[in-house]
Amino acid sequence: MLSKEKNDQLCKTGPNTPMGKLFRCYWIPALLAEELPEADCPPVRVQLLSEYMVAFRDTEGRLGLIDEFCAHRCVSLWFGRNEDSGLRCPYHGWKFDVNGKCIDVPSESPEFCTNIKLKSYPLVEKGGILWTYMGDPENQPPLPEYEVCNMPADQRFISKRHQESNWLQALEGGIDSSHVSFLHGHNLESDPLFKGAKGNKYNMADLKPKFEVEDYEGGLMIAARRNAEDEQHYWRITPWLMPFFTMVPPRGDYPVHGHFWVPIDDKNCWAWSFDYKPNRPLTDQEREAMEQGAGIHCAYIPGTYTPKANRANDYLMDREAQKQGLTYSGIEGIAIQDSSLQESMASIDPETGERVAWGGICDRTYEMLAPTDKGIMMARRKIFNAIEALENYGELPEGVDPEHHKVRSVSVLLPKDQKFLDGAKEAVRVKQDEPHTSV
Ligand code: FES
Ligand SMILES: [Fe+2]
């Protein structure tokens, strides 16, 4: 349980909020590279951390992320003309470069532009993602080193979907592995990106896993322990890196996957989902399955990043499938099983103070956490401590240092008397070209 004040502190990420300041210490995924595919292509609206921006790739191929609204009379520059090394507002023709600097006001002499500049942030391509850093330029860290960012294009697949909820309830789904055996249990044996892995049988045979959580550079290692044969435990180890990165433990030789949970505003977030294999290209079948929405990805309304199954159509709920046990919740696919429940979480209506569904920010004054929520409890505590250290001492949080990004998820069988981080000490570190440790 969290008080309303504490909950708001974690959930709200606008400028000058405590959590907003924390987020602005990190490089954040802003767009898929495919959204700005070539020089002078159409600009794209970007909303992150409750700020409105527009991104474009200019004639020289340079990337820009600037204030969405024109410096003249606040028109959205999404309507702009991307031409001759800048984005030109279609209202009266003012033109801005990738750094937000005004470079032409056709109705005035050249000196008129001199001091006109829009807010802008760096936008850099790495690993198929366009990253931005929205914080103090003096503290800008080196580019991210999550293993997926260093994969060649044929070894990775990255998608993003719009989720109508606050970022924190999405993240908390990513570090709550106890729901997998229930909500996603049926998918383990039907999904083309999971079925047949040896580890699945341990998941389904032991529905009372024990959770152990260890502090780790950059975040936490969250481990679920299940009984296995021959005096062994089957461990599934999920790294969480501050503030928004989680990685699902692998299954067999399938690609390994994970997420970035990125706030759009306080009631919406991007669920970024990636798969990769460090030691081989993805097969055609794997890539096709991902494109069709298998594994942790989803099918979309064409031309958008909005899932085809969404709140407006009750996520295509199939009560018959639920009754027959074809799916546990009646909803098809892991991503939508998660988003349907996370979007439904009870909120408080700010005007009436009453509980309502679909309000976006989960009201944690009513929740009742269980021992399986240990990872969630420790992650919240770690974020609170980081907020305090940043506010009071200007201390940069863990996970800003790219060295912290070089972690892996693991699934492994260990002797019953071995501690999980002793047994998996090497396996949780990135090793170039080597596959993940996986059962
Ligand atoms: S509002 Fe953009 S040029 Fe006038
Ligand atoms: Fe899930």
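Here are some notes on how this predicted model is put together.

1. Ground rules. The model is predicted, so local features need pLDDT of at least 70 and side-chain atom pairs count only at pLDDT 80 or more, while totals for chains, interfaces and linings use all residues. Residues are numbered from 1 along each chain as its sequence is written, and chains are lettered from A and ligands numbered from 1 in the order in which they are written.

2. Overall build. You're looking at 11 helices and 21 strands (DSSP runs numbered from the N terminus: H or I of at least four residues for helices, E of at least two for strands). The radius of gyration is 23 Å, close to the 22 Å from the globule rule for 439 residues, so the protein is as compact as a globular protein of that length. That radius is taken over C-alpha atoms, and the rule is 2.2 Å times the number of residues to the power 0.38. Along the principal axes, the C-alpha atoms fill a box of roughly 80 × 55 × 50 Å.

3. Burial and contacts. Of the 439 residues, 46% count as buried; buried takes 20 or more other C-beta atoms within 10 Å of the residue's own, exposed is 12 or fewer, partly exposed is in between, and C-beta atoms are placed from the backbone. Among contacts between residues at least 6 apart in sequence, 58% join residues at least 24 apart. A contact here is two C-beta atoms, placed from the backbone, within 7 Å.

4. Two domains. The assignment gives domain 1 (27-139) and domain 2 (147-423), with bounds from an automatic or database domain assignment. Their C-alpha centres lie 33 Å apart. The contact uses 12 residues from domain 1 and 16 residues from domain 2. On the domain 1 side, β1 and β2 (44-48) are the elements that give two or more residues, and the largest share, 3 residues, comes from β1.

5. The main core. The largest nonpolar core has 100 residues, and Ile 28, Ala 30, Ala 55, Trp 261 and Val 262 touch the most other members. Apart from it lies another core, of 8 residues, including Ile 296 and Cys 298. (A nonpolar core is a set of buried Ala, Val, Leu, Ile, Met, Phe, Trp, Tyr and Cys residues joined through C-beta atoms within 7 Å.)

6. β1 and its sheet. An open sheet of 3 strands runs β1-β11-β10 with antiparallel pairing; strands pair if DSSP finds at least two bridges between them. β1 (27-32) and β10 (123-126) are the edge strands, each with a single partner, so one side of each has no neighbour in the sheet. β1 pairs with β11 (residues 129-133) over 5 bridges, and Ile 28 stands opposite Thr 132. Leaving aside neighbours within four places in sequence, Ile 28 also has Val 262 among its contacts.

7. Two buried spots. Leu 65, in β4 (residues 63-67), is buried, with 29 other C-beta atoms within 10 Å. Beyond four places in sequence, its contacts include Ala 30, Ala 55 and Thr 132. Phe 245, in β16 (residues 245-247), is buried too, with 26 other C-beta atoms within 10 Å. Beyond four places in sequence, Phe 245 touches Tyr 146, Trp 240, Gly 258 and Phe 260. Phe 245 and His 259 are 14 residues apart in sequence and 5.8 Å apart in space, C-alpha to C-alpha.
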